[in-house]
Protein chains: 2
Amino acid sequence: MNRINFKSIGTIHSPFKQIEDMPIQPSAAQGIQGYIELNEEYVEGLSDLDGFSHIYLIYHLHLSKSFNLKVKPFLDDQLHGVFSTRAPKRPNPIGLSVVKLMDIKHNIIKIENVDIIDDTPLLDIKPFVNEMNAVSDYRIGWLTKHLEEMKIKKSDNSFK
Amino acid sequence: MNRINFKSIGTIHSPFKQIEDMPIQPSAAQGIQGYIELNEEYVEGLSDLDGFSHIYLIYHLHLSKSFNLKVKPFLDDQLHGVFSTRAPKRPNPIGLSVVKLMDIKHNIIKIENVDIIDDTPLLDIKPFVNEMNAVSDYRIGWLTKHLEEMKIKKSDNSFK
């Protein structure tokens with residue numbers, strides 16, 4: 001009925017082999033290097049991507065096996081609705097990160113600012129274009145008071 | 001084997017009943033209003049979302065039935081790798097937009113800057129937090145020369 005099927009188009013590799021001690025946002029993962037191994041059949045789709053400094057990665061949060069509608073995010077000790085957080089246990093475990101694009105050689109894409117666990121299945125790559133986002137009257141709710149902390153905080157066991 | 005299953009968690013409604021004449025980016029859709037009808041069972045997950053001015057919508061490009069690795073985007077007359085564009089015909093037809101959050105009443109979320117076709121299945125909502133993205137040395141490749149055009153351009157038949 002309601003099922004939507006996607007497929008992994010490649011694998012994201014990073015230094016993070018376990019959930020503990022991962023940076024929880026790209027801003028806390030500056031300089032952390034990783035790479036994407038794109039499945040061979042999609043290599044042609046990478047042409048001209050090297051002109052972009054940053055890309056969106058959309059990926060499967062494959063370790064997330066269930067979800068909660070209220071979660072206590074890494075950055076706060078209060079419960080928040082899951083859609084107002086990036087918590088991995090969501091109704092559809094889809095991850096989204098902006099990473100820095102360093103180099104592309106055939107199907108290997110070197111990236112930086114990686115806040116993603118090793119061996120994560122990749123779903124899509126899109127160019128990051130800030131100008132597309134027509135952002136005005138910007139507010140970030142409960143996260144406002146955690147802005148500084150966001151830049152350094154690592155994850156813990158909360159989402160195991 | 002390689003299949004990843006998601007489900008629709010709600011429906012995105014917009015004034016766009018057909019692909020022609022849709023704005024192709026949120027920046028070209030300023031002021032365009034729409035709303036999300038979230039499935040009842042997920043309403044609790046919306047708590048505290050109203051503190052955020054903008055949200056990411058991740059959705060199923062449900063009208064996209066096939067894909068091309070090289071595409072001629074609306075904004076250019078040259079072929080580009082699909083991953084360097086937002087073209088809807090992608091290996092996984094996943095859409096991503098930043099929209100302005102206007103109002104939440106129970107399961108109805110009013111949004112603005114909507115570049116999404118009516119009746120699109122919603123997969124996820126995430127808070128838009130610019131500070132998470134640690135963007136430096138910003139470049140946007142082939143799109144650079146289309147920056148102004150990007151703000152006004154509508155779609156055409158290219159992706160039917």
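Visitor: What joins S1(A) to strand S1 (residues 3-7) of chain B, and in which sense do they run?

Guide: S1(A) is joined to S1(B) by 5 bridges, and the two strands run antiparallel; as one example, Phe6(A) stands opposite Ile4(B). Two strands are said to pair if DSSP finds at least two bridges between them, and the strands themselves are DSSP runs of E with at least two residues, while helices are runs of H or I with at least four, numbered from the N terminus. This is a predicted model, in which local features need pLDDT of at least 70 and side-chain atom pairs count only at pLDDT 80 or more, whereas totals for chains, interfaces and linings use all residues. Residues are numbered from 1 along each chain as its sequence is written, and chains are lettered from A, with ligands numbered from 1, in the order in which they are written.

Visitor: How do you know which residues of chain A are in contact with chain B?

Guide: Two residues are in contact if their C-beta atoms, placed from the backbone, lie within 7 Å, and by that test 62 residues of chain A are in contact with 62 residues of chain B. The largest share of the side of chain A that touches chain B comes from S9(A), with 6 residues. By class, this side has 31 nonpolar, 19 polar and 12 charged residues, where Ala, Val, Leu, Ile, Met, Phe, Trp, Tyr, Cys and Pro count as nonpolar, Asp, Glu, Lys and Arg as charged, and the others, Gly among them, as polar.

Visitor: Which strands of chain A close into a barrel, and in what order?

Guide: In chain A, 6 strands close into a barrel in the order S2-S3-S8-S7-S4-S9, with antiparallel pairing. Within it, S4(A) and S7(A) pair over 7 bridges, and in S7(A) the bridge partner of Leu57(A) is Ser97(A), while that of Ile55(A) is Val99(A). S7(A) also pairs with strand S8 (residues 108-112) of chain A in the antiparallel sense, over 5 bridges, with Lys105(A) opposite Ile108(A). These two strands, S7(A) and S8(A), form a hairpin with 2 residues between them, and His106(A) in the turn has a positive phi of about 55°. Altogether, chain A has 1 helix and 9 strands.

Visitor: Why is Gly141(B) called partly exposed?

Guide: A residue is buried if 20 or more other C-beta atoms, placed from the backbone, lie within 10 Å of its own, exposed if 12 or fewer do, and partly exposed in between. Gly141(B) has 17 C-beta neighbours inside 10 Å, so Gly141(B) counts as partly exposed. Gly141(B) is found in the loop between strand S9 (120-127) and helix H1 (147-150) of chain B. Not counting residues up to four places away in sequence, Gly141(B) touches Asp48(A), Gly51(A), Phe52(A) and Ser84(B).
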